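Student: I would like to go through this model with you and ask, for each label, what value stands behind it.
Tutor: Then let us look at it together.

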Amino acid sequence: MADSPATSAPGNITETPTAPVEDVGQVPTTPTLTDTVTPGETPTAEAPVVSTPAPSASVCAPLSSLSSLTGNLTTWLQTASITAANSGGFKEPGGTELAAFEGAFRTLLTEGPTAQVVQDLTGMGYGVSTFRNDSGGGWLVVREQGLLSRGGGTFIINLFPARNLWLEAPHADSDEGTLRQTATQLVTLGARALLITGSNRCAVTTASPCSGTTSVCGTKGLRISDAAHYGNNFFTAAHRALRDTYPDAIAASIHGMDAGDGPEAAVVSDGTSVLRPESLSNRLRDALNTHLVGTKKAFSCNSAEDSGQHRDLCGTSNVQGRIDNGAADACYTEAAAATDRFIHLEQSATLRGTGASSKAVLQALADTVPCTLAGSGLGCQAVAATDCP
């Protein structure tokens, strides 16, 4: 663990994403800690057959000491705390604190919510609670507590995952629709975890030193409140802990773009612009094009046949992608090669909506990342019980 976590910059994104156009506009009511959330609409997953073995005591035993939330997890996650643009709502943690958070989060992943790890996270302003989803399953929620937010983020861990996949929403509010989308993907696919930014990418005006550029915030350049393009934040610390714990897992960074009149419905990359016919990104592109409706297509930054169809939206300056792809310095240096452990997905507004195209993204991810774990997810047959007694 380094005291100065790595960082990066945007893939030269120069357009502000537009809002989703399919069935958006409903803003969920923020629940209190004791609220039971009314179920919202989510894609219907196949009902897996649940058989023995039951959840182990190591998974379930520590949970009884935690505060518990109940309701519809997909709907509730849409109320995650994210500080607004130009609010000043991002406070950069120090290197020692980031290293401590990374270690505590790793322990939470490997040992569960022990009294010590809960105490350690509490000391850094984070509470740990359980969430009982009304459709089943067990989850840990790690989120900021107290009156003053530092824009630190909200992190959800699936106790019974089906896929060796976790999801990231570094621009959950500015790339409109991606918060709802990743929350739905987390539950429906049975992913390991979801990381949600705690600050708008334009929350502060302090420039990021990392390579890359964007005009999304109205002026050219990156800002340190951009979780995808600056590494000194709890979001990246949680990513590092997940990568250390699950070295073979796939991290999917979910974004939005302004597709305009171009032919792109989506742009997929492995975090590099290296041409590799066998790349994970090409497989996801092919799966998307199998399920997409309409005339626009998905293109890959890693396919020679798609040259010129990705408009520099290849995520090569994404901090988390650079980390996963072994960049020498994730703040300043692009990765020279890909590990196929990171996927960067840019999407049109339609794909971030709630219609058939959005379901196509969900199905394409399910097709690309197989069911290799014991839990419940779309197209997976669970081999272990997916809830604690």
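Student: How many aromatic pairs does the structure hold, and what makes two rings a pair?
Tutor: The structure holds eight aromatic pairs, where rings of Phe, Tyr and Trp (its six-membered ring) pair if their centres lie within 6.5 Å, and planes under 30 degrees apart count as stacked, over 60 as edge-to-face and the rest as tilted. This is a predicted model, in which local features need pLDDT of at least 70 and side-chain atom pairs count only at pLDDT 80 or more, while totals for chains, interfaces and linings use all residues. Residues are numbered from 1 along each chain as its sequence is written, and side-chain values use heavy atoms, with hydrogens and water left out.

Student: Why is the pair of Phe 101 and Phe 105 called stacked?
Tutor: Their centres are 5.9 Å apart with 20 degrees between the planes, and since the limits are 6.5 Å and 30 degrees, the pair counts as stacked. Phe 101 and Phe 105 are separated by about one helical turn, because they are four residues apart in helix α3 (residues 95-111); helices here are DSSP runs (H or I, at least four residues) and strands likewise (E, at least two), numbered from the N terminus.

Student: What makes the pair of Phe 105 and Phe 155 edge-to-face?
Tutor: The planes of Phe 105 and Phe 155 stand at 80 degrees and the ring centres are 5.9 Å apart, so the pair is edge-to-face. This pair links distant parts of the chain, as Phe 105 is in helix α3 and Phe 155 in strand β4 (residues 154-158), 50 residues apart.

Student: How do you know that Phe 155 is buried or exposed?
Tutor: Phe 155 has 0% relative accessibility and therefore counts as buried, given that buried means under 20% relative accessible area, exposed over 50% and partly exposed in between (1.4 Å probe, protein chains only). By that cut-off Phe 101, at 0%, is buried, and so is Phe 105, at 1%.

Student: Which residues do ring pairs link into a cluster?
Tutor: The cluster consists of Phe 101, Phe 105, Tyr 126, Phe 155 and Phe 234.
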